[in-house]
Amino acid sequence: MTTLQELAQNPKKKAVALISGGLDSLLAAKVVMEQGVHVEGINFFTGFCVEGHTHAIRNMKKEKPKRNNALWVAEQLGIKLHMIDVIEEYKDVVLNPKHGYGQHLNPCLDCKIFMVNKALAWSWMEENQFDFIITGEVIGQRPKSQRRETMPVIARESGADNRLLRPLCAKNLPETLPEREGWVDRDKLYDFHGRNRKPQMALAEEFGFEDYAQPAGGCCFLTDASYSGKLTDLWNGRGTRDYDIDDIMLLKVGRHLRPRPHFKVIVAREEGENHYLRGYQQQFTMVEAVSHIGPLGAIDGASLSDDDLKLAARIISRYGQGRDAESVIVRITRNGVSTDHEVAPLPSDQIPADWHV
Amino acid sequence: MFSTDQLDLRRMLCPLPVIRTQDHIKGMSPGDTLTIVCTDPGVLTDIPTWCRINGHEVTSTEEADYEIKITIQVGAE
């Protein structure tokens, strides 16, 4: 067994911790820091991270402070956090997951392999030179990616092999290099398993962490049925499985209705979304009631006919204060040119349920 | 001579403004200043947190018409 004295004689070992912003990664990093290892955090932004976006778009005037939990975790730990934009590279994970999807469009196992691989590549960069990687994985915690049989798959396919340490369940796994070399004391690691969160909560209390995030649906929009449905609809509507950052951001905004296969309308639900959508007026045809107070709507589609525009305007005006009026004047703005039109708001019973994406 | 840079991060949602700020500051020197213009109110929390973690200082914050302007003085690594 490695003593603390022996560990203290070897102070230069460095670990990079994958920080999602949740409790497990917070604890995993803390457990290793407690053993005198220099830890820095790394956080990958895939575009699907739950962190912040919808809160930022909606309810902009609410008093509750919005925070990025990964940054918050780093500050609690007193470590640096390196935030990496992987939106483009991540597309291949979403579109072609080798290990398939989970319940929705969540490619959890491929995602974990991807992130550990990216962390490995980053940690070996000349200016970084880290010795091993930490994740907050717990055997049995997640049905797709955190199972006993997936743990070695992640280690092997990411290329990290025995430089990947899972401090919260290390005692349930074979020894890794950091343990074998005495960089960390295996006896001071944990044997958590299963979906029970009590051991993590007890450890958090022991470390004095109170205000940690516990997102019910995980940290990724792809685990969400509604979001995955909208992404599938986007691909079907365009006839191609692809996306860019604006596409995936807009899936988090407003009501989405597809009245015709070749176009859909996105209707803002409140002021924050109105403002956010307005930023897309160069890309989309925009519709807004001018005779009544009402939401801004964007039309996403190509080859729009006059009938399409009229239908979209009738749908969008249905969500404003003119919903019960015989007619509403709407302003349609296309390629920077605005024209006003009189339309009858579409009654709710003429909006089939299957238009709602 | 310290440099003064500006970044337009409007319409970007957190954490992208933080990532773009982080990446830009990597090319700057201690004492330089960076002013970012954003529309995501999340930056009001995230940028100061990121600065505290990384040893930089927010020297001013202005809000007007859905736009937020934050000036950061680059600290020593």
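## A pair of strands to start with

Let's begin in chain A, where strand β7 (residues 263-267) is joined to β6(A) by 4 bridges, the two strands running antiparallel. One place to look is H256(A), which stands opposite I266(A) in β7(A). Keep in mind as you explore that this is a predicted model.

## The antiparallel sheet of chain A

Now zoom out from that pair. β6 and β7 belong to an open sheet of 6 strands in chain A, ordered β6-β7-β9-β8-β10-β11, with antiparallel pairing. Which strands sit at its edges? They are β6 (255-260) and β11 (337-343) of chain A, each of which pairs on one side only.

How are neighbouring strands of this sheet turned against each other? On average the angle is 25 degrees, with direction ignored.

## The parallel sheet of chain A

Chain A also has an open sheet of 5 strands, and here the pairing is parallel. Reading across it, the order is β3-β2-β1-β4-β5. The edge strands are β3 and β5 (164-165) of chain A, and each pairs on one side only.

## Where chain A meets chain B

Next, look at the two chains together. On the chain A side, 22 residues are in contact with 19 residues of chain B. Three elements of chain A, namely α3 (53-57), α4 (69-77) and β3 (81-85), each supply at least two residues of the side that touches chain B. Which element gives the largest share of that side? It is α4(A), with 4 residues.

What kinds of residue make up the side of chain A that touches chain B? There are 11 nonpolar, 5 polar and 6 charged residues.

## A recorded domain in chain B

Finally, turn to chain B itself. In an unreviewed entry, UniProt lists residues 6-73 of chain B as "domain: UPF0033". How far apart are the end C-alpha atoms of residues 6-73 of chain B? They lie 12 Å apart, and the span is 32% helix and 37% strand.

Terms used. Residues are numbered from 1 along each chain as its sequence is written. Chains are lettered from A and ligands numbered from 1 in the order in which they are written. This is a predicted model: local features need pLDDT of at least 70, side-chain atom pairs count only at pLDDT 80 or more; totals for chains, interfaces and linings use all residues. Two residues are in contact if their C-beta atoms, placed from the backbone, lie within 7 Å. Ala, Val, Leu, Ile, Met, Phe, Trp, Tyr, Cys and Pro count as nonpolar, Asp, Glu, Lys and Arg as charged, and the others, Gly among them, as polar. Two strands pair if DSSP finds at least two bridges between them. Axes are lines fitted to C-alpha atoms, for helices over the stretch in contact, and angles run from 0 to 180 degrees between N-to-C directions. UniProt positions are given in the numbering used here, feature names are shortened, and annotations may be inferred rather than shown by experiment.
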